[in-house]
Amino acid sequence: MAEILARASRRSEIAPFIVMDVMERAARIEAAGGHVIHMEVGQPAAPAPHSARAAARRALDHGRIGYTTALGLPTLRARIARHYGETYGVDIDPARVVATTGSSAGFLLAFLALFEPGDRVAIANPGYPPYRHILTALGCEPVLIETDAASRWVITPEALAQAHATAPLKGVLVASPANPTGTMMRPEALAELIATAEGLGIRFISDEIYHGLDYAFPAATAAAISPHATVIHSFSKYFCMTGWRVGWMVMPQPLVRAVERLQQNLMISVPTLSQVAAEAAFDGAAEMEAVKHGYEANRLILTGGLPEAGLPEFLPVDGAFYLYADVSRFTDDSAALARRLLDEAHVATTPGVDFDPHRGHHYLRLSYAGAAEEMREAVARIGDFLRRG
Ligand SMILES: Cc1ncc(COP(=O)(O)O)c(C=O)c1O
């Protein structure tokens, strides 16, 4: 009986996030006095903009922190809608904007609103692991579509149509800029993929969490391309608010009520203090742009320095703050290489196996969200490590 009581559900049998193991190992090295350069974690080192923190402080001092309506503070939803006009020149009805507890809760709400158990949903491989794990936990089937240099590491209309012909898909999710690859879809490629998906009756979800962090060319929003696309976004990355747990979705209008019902029941509402801070974060544009310029400088340090350090092969470093390096000339086991790099050179990276069950053993993901001097030091340490062999 005790065994039955202690047994977790089958749907919870999803893989852990290996990067967490790297972080724990790095913490042990630091506890012993080592100086670890953290390139494993995908989060900004900078705090939320001053405007956001000041607004939260004011709300704490003067206001009662109660629930908000399930779809979010009306002023926040209106401010987000305005952001679409200002950034992309597209008119979005605030009624389509839904505040979420980070984009992570956005995935949960969107998948529940869009899909039935058993539905097949296409995602790019390599990709952000929770896509497949959340889909799996909800009883949906993640369908990994392999991407490569020829497709510029994104899902092509042909690959989508082919996967759909094998067995019908109900959805496809893309991210541009993407994690772990840091690659982006050109606006024409995004528009073509959306047209193909919708022509086949496949629902389109666009994870736009890394928008704002685009260096190669401006990222396009799916919201400007189709009213049927679901857009998922977050204050975590560009706005430097990971721990505030606040994000948003732009839903197709007919599906807003379904999401509202789900949010009412699953979360009631998104933390009010975080919504207040998020609304004010839009006033911190100058600070956020300065942080972005820091990433741009880091990107140049890595793309300029890594080839000489011994890592000449990486994917196009278009956006977000990730560089995905091919380490196949050194190993068939990137997890072991990452462990040695951490133990011997005190540089923490994430092995590709976290993101790609098929070819991840040949890749390492390096986050360049840290300080410039750390990036220079990392390049030097990686060079010494690879030369030592
Ligand atoms: C591609 C991508 N989407 C979504 C998330 C989740 O972010 P959050 O829940 O903080 O908005 C992350 C976090 O790293 C990510 O890399």
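**Backbone features, pockets and ligand**

R152 is placed in the loop that runs between β4 (141-146) and α7 (157-166); here helices (H or I, at least four residues) and strands (E, at least two) are DSSP runs, numbered from the N terminus. Although R152 is not a glycine, its phi is positive, at about 55°. The model is a predicted one, in which local features need pLDDT of at least 70 and side-chain atom pairs count only at pLDDT 80 or more, while totals for chains, interfaces and linings use all residues. Residues are numbered from 1 along each chain as its sequence is written, and side-chain values use heavy atoms, with hydrogens and water left out.

The loop between β5 (171-175) and α8 (187-199) contains P177, and P180 also has its place in the loop between β5 and α8. The peptide bond leading from S176 to P177 is cis, with omega near -5°. N179 and P180 are likewise joined by a cis peptide bond, for which omega is about 15°.

The next topic is empty space. Rolling a probe the size of a water molecule over the atoms shows where such space is left. The search uses a 1 Å grid over the protein atoms alone: a cavity is a set of points where a 1.4 Å probe fits but cannot get out, and a pocket is an open set with protein on both sides within 12 Å along at least five of seven lines; lining residues have an atom within 4 Å of a point. Grid points are joined across faces, edges and corners, and a volume is the space filled by probe spheres set on the points.

The structure holds one cavity of 30 Å³ or more. The largest cavity has a volume of about 50 Å³, and its lining is formed by L311, V327, L337, L341, L364, I382, F385 and L386. At least two lining residues come from each of α12 (334-345) and α13 (372-388), and α13 supplies the largest share, three residues. By class, this lining has eight nonpolar, no polar and no charged residues; Ala, Val, Leu, Ile, Met, Phe, Trp, Tyr, Cys and Pro count as nonpolar, Asp, Glu, Lys and Arg as charged, and the others, Gly among them, as polar.

The largest pocket has a volume of about 710 Å³. Its lining comprises 41 residues, of which F17, Y128, N179, Y210 and K237 lie nearest its centre. Two or more lining residues are given by each of α2 (18-31), α5, β3 (120-125), α6 (129-137) and β5. The most comes from α5, with four residues. The lining of the largest pocket divides into 24 nonpolar, twelve polar and five charged residues.

The second largest pocket has a volume of about 350 Å³. Of the 18 residues lining this second pocket, H83, T87, G212, Y238 and E289 are the closest to its centre. Each of α4 (74-88) and α11 (285-309) supplies at least two residues of that lining, and α4 gives the most, with five. By class, the lining of the second largest pocket has eight nonpolar, five polar and five charged residues.

Where does the ligand lie? The space that the ligand takes is the largest pocket; a molecule is said to sit in a cavity or pocket if more than half of its atoms lie within 2 Å of its grid points. There are 14 residues around the ligand, and S104, D207, Y210, S234 and S236 come nearest; a residue is near a molecule if one of its heavy atoms lies within 4 Å of it. Helix α5 (residues 102-114) gives the most to this shell, with four residues. By class, the shell has five nonpolar, six polar and three charged residues.

Several polar contacts can be listed, the term denoting a pair of N or O atoms within 3.5 Å; within protein, one must be able to donate a hydrogen and the other to accept it, and residues adjacent in sequence count only if both atoms are side-chain atoms. In the side chain of D207, an N or O atom is 2.7 Å from a nitrogen atom of the ligand. An oxygen atom of the ligand is 2.6 Å from an N or O atom in the S236 side chain, and for the side chain of K237 the distance to a ligand oxygen atom is 2.7 Å. Taken alone, the ligand exposes 400 Å², and the protein buries 92% of that; accessible areas come from the Shrake-Rupley method with a 1.4 Å probe, and for residues only the protein chains shown count as cover.
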